[in-house]
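User: I'd like to go through this structure by question and answer. Can you take me through the annotated spots?

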Amino acid sequence: MYDKITAPTTGAKITFKNGEPVVPDHPIIPFIQGDGTGIDIWPAAQKVLDAAVAKAYKGKRKISWFKVFAGDEAFEVYGTYQYLPQDTLTAIKEYGVAIKGPLTTPIGGGIRSLNVALRQIFDLYACVRPCRYYPGTPSPHKTPEKLDVIIYRENTEDIYLGIEWRQGSEVGDRLISILNKELIPATPEHGNKQIPLDSGIGIKPISKTGSQRLVRRAIKHALLLPLNKKMVTLVHKGNIMKYTEGAFRDWGYELAVSEFRSECVTERESWILSNKENNPNLSLEDNARMVEPGFDALTSDKQAQMVEEVKTVLDSIWESHGKGKWKVMVMVNDRIADSIFQQIQTRPDEYSVLATMNLNGDYLSDAAAAIVGGLGMGPGANIGDECAVFEATHGTAPKHAGLDRINPGSVILSGVMMLEYLGWQEAADLIKKGLGDAIANRQVTYDLARLLEPPVEPLKCSEFAEAIIKHFG
C-alpha cells in the first residue's frame with residue numbers, strides 16, 4: 001500500500017458515520033511534523049497529548065502515531081517536487097483523522113499551497129478556528145477575555161479555489177473579451193461596466209451546497225454550547241456581492257429555518273415575537289413598524305411586504321417559538337464583514353459562532369487570534385464528512401527552527417481540538433487547564449515573555465510542554 005512509510009502494527013482505524021467520527025480506544029493517527037519550527041513544536045505537542053491521554057484514561061485509551069511526510073521533509077524523502085506524496089494522501093484517507101505542523105508553500109512543482117491542496121483533495125470544507133483568551137496572555141486589547149468565538153470558514157470555494165488567469169494570458173484576454181462584448185451588455189443591471197483589458201482575472205464561486213453544509217456544521221456546534229453562547233452569525237459582504245456573498249447569507253437562513261426549525265430562531269423573528277410578547281394587542285402594522293424603524297418612509301408595496309412578513313412569522317412559529325420559547329434556541333443573525341471586524345474588537349462578547357466564506361474567514365480568524373495572543377496561540381481544524389486534519393495556523397518561521405524556542409501553543413491547542421473531535425473531552429480539558437495555569441504563572445515561551453510586564457525569563461519550547469503537563473494537577 002505504501003512506498004516509503006509503514007503503518008503502526010497496533011491500533012485501529014477511525015471510521016465515519018453520517019459525517020461524524022466513530023473512534024476506537026486505540027486509534028491510529030497520521031501526523032506531519034511540519035517544516036521549519038515543526039521540528040521543535042511537534043515533539044512538544046505530541047508529548048503533551050500523550051501525557052493528557054495517559055492521565056485521563058489510565059491506559060484504556062492511547063493514540064498510535066503514524067509519521068507521514070509533506071513539505072520539505074517529503075521532498076528529502078521522496079525526491080523532486082514530491083511535496084505531497086501519494087503515501088501521505090493514502091494514509092490520511094485510510095485513517096480519517098490527521099494532525100500537522102506548519103508547511104512551506106513550495107516554489108515550483110505545481111502546488112500553490114499544500115494546506116489548500118489538502119483541504120481540496122479531502123473536501124475539508126469547514127475550517128474551524130476557536131479564539132478564546134487564556135488569563136495572563138499578553139494582548140494589545142484591554143479586555144481580551146471578552147472574546148470567545150469559534151469561526152467556521154468555508155474552505156473549498158470562493159476565490160481561494162484558485163481559478164484565475166494572469167494579465168496578458170491568452171485565456172484571460174479571451175475571457176475578458178467575451179465578458180465585455182457579450183455577457184456584461186446582456187445583463188442590464190451591469191450598465192456600462194467594462195473590465196480593463198490589462199487585468200488579471202479570477203472566478204469567485206459560492207455554491208448553495210457549499211454554503212449550507214458549512215452553516216449546518218456551525219449550527220450543530222452552537223447547539224452544544226451554553227445558553228448564552230447559542231448564536232450563529234452569518235458574516236458576508238452581500239450588500240455589494242449580492243449573488244455570491246448575499247446568496248451565502250440567504251442560503252444560511254434558509255438552512256436554519258428548514259433543517260433546524262424547532263431549534264433555531266432568526267434575529268428578525270425574535271424581534272417580531274418579542275414585540276408581540278411585550279404587547280399582545282399590537283397590530284401587525286405596528287409590529288412591522290417596530291422591526292423596521294424606517295417603515296413610514298417605505299413605499300406602500302414595501303410596507304405591505306413588511307406586514308406580510310410579520311403575519312407569516314406569527315402564523316407559522318408563534319405556537320412553537322413564542323411566549324419566550326425562542327430564548328433558549330440558537331439565534332441566527334448576520335453581519336456585514338467590515339462591520340464584524342470592528343465589532344469583535346468593540347463588542348466581542350456579543351458573538352459566539354461566526355460562519356463565513358473562505359476569504360472573509362481567513363482575515364477574520366487571524367484578526368480574532370491577534371486579540372487573544374496571536375497565531376502562536378491559534379489552533380485550527382479542517383473538517384469534512386469523511387476526514388479531518390488539525391493544524392498549527394502559523395507559518396514555518398525557519399530562522400527559529402531547531403532552537404527549541406518557538407511557542408508550541410498553536411499545534412497543542414489544535415491537538416485539543418482533535419481530542420474534542422474524538423470525544424475525548426477529559427484529556428482535552430486537562431491540556432486546557434495545564435496551558436492556562438502555565439500562562440497564568442508566567443511560564444511562557446519568548447513570544448509571550450517579552451510582552452509581559454515586567455518581562456520574564458522565557459521557557460524553551462520543550463520546557464513549556466513540561467510546564468503544561470505539570471499543571472494538569
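**Annotated sites**

Analyst: Let's start with Tyr446, which sits in helix 15 (residues 446–449); helices here are DSSP runs of H or I with at least four residues, strands are E runs with at least two, and both are numbered from the N terminus. This is a predicted model, where local features need pLDDT of at least 70, side-chain atom pairs count only at pLDDT 80 or more, and totals for chains, interfaces and linings use all residues. Residues are numbered from 1 along each chain as its sequence is written, and side-chain values use heavy atoms, with hydrogens and water left out.

User: Is Tyr446 buried or exposed?

Analyst: The cut-offs are under 20% relative accessible area for buried, over 50% for exposed, and partly exposed in between (1.4 Å probe, protein chains only). Tyr446 has a relative accessible area of 16%, so Tyr446 is buried.

User: Which side chain makes a polar contact with the side chain of Tyr446?

Analyst: Not counting residues up to four places away in sequence, Tyr446 touches His400, Arg405, Ile406, Pro458 and Leu459, where contact means heavy atoms within 4.5 Å. A polar contact is a pair of N or O atoms within 3.5 Å; within protein, one must be able to donate a hydrogen and the other to accept it, and residues adjacent in sequence count only if both atoms are side-chain atoms. At 3.4 Å, the partner is the side chain of His400.

User: Up to how many Å between C-alpha atoms are the UniProt "binding site" residues spread?

Analyst: The unreviewed UniProt entry puts that feature at Thr104, Asn407, Tyr446 and Arg450. They are spread over 347 residues of sequence, and in space up to 26.6 Å. UniProt positions are in the numbering used here, feature names are shortened, and annotations may be inferred rather than shown by experiment.

User: How far from a polar atom of the Asn407 side chain is the backbone nitrogen of Gly409?

Analyst: Asn407 is in the loop between strand 15 (388–392) and helix 13 (409–422). Asn407 counts as buried because its relative accessibility is 3%. The distance from that side chain's polar atom to the Gly409 backbone nitrogen is 2.7 Å.

User: Which residue does UniProt list for "modified residue: N6-succinyllysine", and what is its relative accessibility?

Analyst: The unreviewed entry lists Lys100, found in strand 5 (residues 97–100). Leaving aside neighbours within four places in sequence, Lys100 is in contact with residues including Ile32, Asn115 and Glu391. Lys100 counts as buried because its relative accessibility is 1%.
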